[in-house]
Amino acid sequence: MEYAVGSFNLIAYDPKKFASYFNKVWQNDIQLSVQLCRRFQIDPAKIISHREGFLLGLATNHKDPEHWWKYYGKTMDDFRQQVKTILDAGE
């Protein structure tokens, strides 16, 4: 089975099989970003992915993390919003 995401293919990837792992990584990434935003007073709206950085001319050409997140219906906007929600709640 092959899943095409843009010009990047994940061959034989089973999103259901790896959902638990994905959710752990997603939450860890959010918590790290919350800590970094607090420590360095970063607006969550300024968080960019590697792919977005490349499109802005700030990073090398990678497709991450969007190429993986699409399997779980997640976007960078979702990520930024979740970080903002936690920061706004003072958690």
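Two rings of Phe, Tyr or Trp (for Trp, the six-membered ring) count as a pair if their centres lie within 6.5 Å. With that rule in hand I began my notes on this structure, which is a predicted model, and I found that it holds 10 aromatic pairs.

**Entry 1: F22 and W68**

I looked up F22 and W68, whose rings form an edge-to-face pair with 5.0 Å from centre to centre and 80° between the planes.

**Entry 2: W26 and W69**

Next I turned to W26 and W69, which form an edge-to-face aromatic pair with centres 4.8 Å apart and an angle of 75° between the planes. For W26 I read a relative accessible area of 3%, and I wrote the residue down as buried because the cut-off is under 20%. W69 is likewise buried, at 4%.

I moved on to charged side chains, for which the count comes to 4 salt bridges. In the one I looked up to begin with, E66 pairs with R51, and their closest N and O atoms are 3.9 Å apart. Because E66 lies in helix α3 and R51 in helix α2 (residues 50-55), the pair ties together parts that are 15 residues apart in sequence.

I then looked at R80 and D77, whose side chains meet in a salt bridge with 2.9 Å from N to O. Both residues belong to helix α4 (residues 76-89), and because they are 3 residues apart there, about one helical turn separates them. R80 is buried, with a relative accessible area of 13%, but D77 is exposed, with a value of 53%.

K84 and D88 form another salt bridge, with 2.6 Å from N to O, and these two residues also lie in helix α4, where they are 4 residues apart, or about one turn of the helix. Here I noted K84 as partly exposed, with a relative accessible area of 37%, and D88 as exposed, with 56%. Looking at shared partners, I found that salt bridges join E52, D77 and R80 into one network.

**Entry 3: confidence of the model**

Last, I checked the confidence values, and the protein chain averages a pLDDT of 87, with 89% of the residues scoring at least 70. I marked residues 1-5 for careful reading, as pLDDT stays under 50 over this stretch, for which the model has 17 contacts beyond four places in sequence.

Note on methods
Residues numbered from 1 in each chain as written. Heavy atoms only, no water. Phe/Tyr/Trp six-rings, centres within 6.5 Å; stacked < 30°, edge-to-face > 60°. Buried < 20%, exposed > 50% of the residue type's maximum accessible area, 1.4 Å probe, protein only. pLDDT = per-residue confidence, 0-100. Contact = heavy atoms within 4.5 Å.
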